[in-house]
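Subject: the model you asked about

Hi,

Here is the structure, with the sequence alongside. My notes on it follow below.

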Amino acid sequence: MRHIIILLFLVINCFAYGQNKSSAFKQGEWLKFRLHYGFLNASYATLHVKNAKVNNKSVYHVVGRGKTTGFASIFFKVDDTYESYFDKKTGAPYRFVRKIDEGGYTKDVEINFDYNKDKAELNDKKNKKKLNFDIQHGIQDLISAFYYLRNHYDPKDLVVGESVKLEMLFDDDGVFNFKLKYLGKETVKTKFGKVKCLKFRPMVQSGRVFKEQESLSLWVSNDDNRIPIRIKADLTVGSIKADLDGYNNLKHQFKILMD
């Protein structure tokens, strides 16, 4: 279960799509997700959009938190925090923070992006080391990617069977690519009612965490908010499902179909 929380953030923040005509979110937006691991209600994760300043520049500050709860926390305790500070107009990240404790496995990392030098400095505070990476414009971190894509991709441009790529940096493994295949439209039954969704399948690396290269599926609301509704994944040690469990301060109406 060590990768459950990071898997949720990874999927949520890489694979949501939106439209570029108007912003899909606003300050104050709050999303909550409930994760199931087998028969266990394993954990919760939240994303909260705030305002902040970096070098006297007004930015969005998004805080993502994930924790195991109840019976699951007896077997494996997770307490993770992810933070991103990114430009309100371009979506470019300026700072990324990752503090995690997953069953005693800990990380305390901060990344600062310098677009004048096309460099990103990663400060590994736990191990007291710093790394520098070459970056290109368009790079995203784990959190900023979600909000960038919600505002910069139009679902009308999606073609069934075709994929979209995104470069990301969030750890000392360096810059990496995700390839996301669009599978079409589906209606998903949720605790709120039925929701029209866009379905995606990211191509992921098999063996380490995932059971197969195409072990993960994602459903995103097909409305102006473009929020994740459901995530399902087959792992090497079982399977997990994450569902939208709560929301607040959405910018647009959340379209729910009544039975």
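First, one term: contact (or touching) here means heavy atoms within 4.5 Å. This is a predicted model, so local features need pLDDT of at least 70 and side-chain atom pairs count only at pLDDT 80 or more, while totals for chains, interfaces and linings use all residues. Residues are numbered from 1 along each chain as its sequence is written, and side-chain values use heavy atoms, with hydrogens and water left out.

Buried is under 20% relative accessible area, exposed is over 50%, and partly exposed is in between (1.4 Å probe, protein chains only). In soluble globular proteins, nonpolar side chains tend to be buried together.

Helix α3 covers residues 144-152, and eight of its nine residues are buried. Those buried residues include Arg150 and Asn151 as well as Phe146, Tyr147 and Tyr148. Helices (H or I, at least four residues) and strands (E, at least two) are DSSP runs, numbered from the N terminus.

**Rings**

There are 13 aromatic pairs. Rings of Phe, Tyr and Trp (its six-membered ring) pair if their centres lie within 6.5 Å; planes under 30 degrees apart count as stacked, over 60 as edge-to-face and the rest as tilted. Tyr182 and Phe200 make a tilted pair, 5.5 Å centre to centre with 45° between the planes. Tyr182 is in strand β10 and Phe200 in strand β11, so to speak distant parts of the chain, 18 residues apart. Both are buried. In the pair of Tyr247 and Phe254, the ring centres are 5.0 Å apart and the planes stand at 85°, so this one is edge-to-face. Here Tyr247 is partly exposed at 32% relative accessible area, whereas Phe254 is buried at 10%.

Tyr147 comes up again in this part: ring pairs link it with Phe25, Tyr60, Phe86 and Phe146 into a cluster. Tyr60 also has the charged end of Lys88 over its ring, 5.2 Å from the centre. Likewise, Lys32 lies over the face of Tyr44, at 4.4 Å from the ring centre. The rule for a charge over a ring is NZ of Lys or CZ of Arg within 6 Å of the ring centre and within 35 degrees of the ring normal.

**Salt bridges**

The structure holds 12 salt bridges, each a side-chain nitrogen of Lys or Arg within 4 Å of a carboxyl oxygen of Asp or Glu.

- Asp87 and Lys57 have their closest N and O atoms 3.5 Å apart. Asp87 lies in strand β4 and Lys57 in strand β3, so the pair ties together parts that are 30 residues apart in sequence. Asp87 is buried at 8%, while Lys57 is partly exposed at 36%.
- Glu110 and Arg95 come to 3.9 Å. They tie strand β6 to strand β5, 15 residues apart in sequence. Glu110 is buried at 18% and Arg95 partly exposed at 23%.
- Asp245 and Lys191 come to 3.4 Å. Asp245 is in strand β14 and Lys191 in the loop between β10 and β11, 54 residues apart. Asp245 is buried at 12%, but Lys191 is exposed at 56%. Shared partners join Lys32, Lys191 and Asp245 into one network.

**The chain as a whole**

The protein chain has three helices and 14 strands, and 52% of its 259 residues are buried. Among contacts between residues at least 6 apart in sequence, 52% join residues at least 24 apart.

Cheers
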